[in-house]
Amino acid sequence: MTALPAPAPAPAPAILPHALPDATGDRLMLLAIRRMGAHGLADAAVAQRYLMAFGPSFRRPLVLARAFMAELAATATTTIPIAPCCCQRMTSAEAAILTAIGHAERRPETARLLLADVMAERRADAILASAAALSAAFADLGLPIGG
């Protein structure tokens with residue numbers, strides 16, 4: 001009788017090296033990144049979650065999230081890896097985007113470098129402005145990103 005082959009190893013942790021964020025604002029933005037990246041800017045699930053999270057004031061962060069994602073897609077010169085919504089970990093690109101949004105107002109140079117790296121594009125001023133407006137909208141409504 002021959003021995004069974006060893007089971008295949010689990011996917012390499014390098015593919016999804018970062019744990020999901022704990023903060024509600026970060027998780028909400030991660031959902032928007034994943035859903036809008038996979039299903040388009042007008043994804044109804046994102047709009048529903050923003051309505052549930054922000055109440056009647058949901059439009060400002062939703063419109064800014066859509067603008068940020070549109071700018072990110074238009075400016076990037078490379079493919080940005082995003083995980084499916086069901087994944088319990090994040091890609092390096094997702095973690096960098098969330099960190100950049102969180103730092104956009106307080107540490108713009110750090111945010112600019114992170115976004116430029118993710119997009120493989122040196123000019124990241126327009127996307128940085130979108131990230132700062134998005135960060136301010138989340139903070140104003142009580143769900144700050146990155147804090």
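## About the model

This is a predicted model, in which local features need pLDDT of at least 70 and side-chain atom pairs count only at pLDDT 80 or more, while totals for chains, interfaces and linings use all residues. Residues are numbered from 1 along each chain as its sequence is written, and side-chain values use heavy atoms, leaving out hydrogens and water.

## The overall fold

Let us start with the whole protein. It has six helices and two strands, in the order β-α-α-α-β-α-α-α from the N terminus. Helices here are DSSP runs of H or I with at least four residues, strands are runs of E with at least two, and both are numbered from the N terminus. Along the principal axes, the C-alpha atoms fill a box of roughly 65 × 35 × 25 Å.

Of the 147 residues, 41% are buried. Buried means under 20% relative accessible area, exposed means over 50%, and partly exposed lies in between (1.4 Å probe, protein chains only).

Helix α1 covers residues 24–39 and has 16 residues. Its first and last C-alpha atoms are 22 Å apart, close to the 22 Å expected at 1.5 Å a residue; the expected span is 1.5 Å times one less than the number of residues. Its buried residues include Leu 28, Met 29, Leu 30 and Leu 31. Among the elements that cover the buried residues of α1 are α2 (44–54), α3 (59–75) and α6 (125–140). After α1 comes Gly 40, with a positive phi near 100°.

Helix α6 also has 16 residues, and its end C-alpha atoms are 22 Å apart, in agreement with the 22 Å that it should span. Among its buried residues are Ile 127, Leu 128, Leu 134 and Phe 138. The buried residues of α6 pack against α1, α2, α3, α4 and α5. Just after α6, Gly 142 has a positive phi of about 90°.

## The nonpolar core

A nonpolar core is a set of buried Ala, Val, Leu, Ile, Met, Phe, Trp, Tyr and Cys residues joined through side-chain atoms within 4.5 Å. The largest one holds 41 residues, of which Met 29, Tyr 50, Phe 68 and Phe 138 touch the most other members. Helices α1, α2, α3, α4, α5 (108–119) and α6 each supply at least two residues of this core, and α4 gives the most, with seven.

Beyond its neighbours within four places in sequence, its contacts include Leu 28, Met 29, Phe 58, Leu 62 and Phe 138.

## The largest pocket

A pocket is found on a 1 Å grid over the protein atoms alone: it is an open set of points with protein on both sides within 12 Å along at least five of seven lines, and its lining residues have an atom within 4 Å of a point. Thirteen is the count to look for here: 13 residues line the largest pocket, and Gly 37, Met 69, Leu 72, Ala 73 and Ile 80 lie nearest its centre. The elements that give two or more residues to this lining are α1 and α3, with the largest share, four residues, coming from α3.

## Cysteines and loops

Why are there no disulfides, that is, pairs of cysteine sulfur atoms within 2.5 Å? The search of the whole structure finds zero. The sulfur of Cys 85 is 7.6 Å from the closest cysteine sulfur, in Cys 86, which is too far for a bond. The sulfur of Cys 86 is 4.8 Å from its closest, in Cys 87, again too far. Cys 85 is partly exposed at 37% relative accessibility, whereas Cys 86 is exposed at 61%.

Ser 57 lies between α2 and α3 and is partly exposed, at 37%. Ala 120 sits in the loop between α5 and α6, is partly exposed at 44%, and has a positive phi near 55° although it is a residue other than glycine.

Technical notes. Contact means heavy atoms within 4.5 Å. A disulfide is a pair of cysteine sulfur atoms within 2.5 Å. On a 1 Å grid over the protein atoms alone, a cavity is a set of points where a 1.4 Å probe fits but cannot get out, and a pocket is an open set with protein on both sides within 12 Å along at least five of seven lines; lining residues have an atom within 4 Å of a point.
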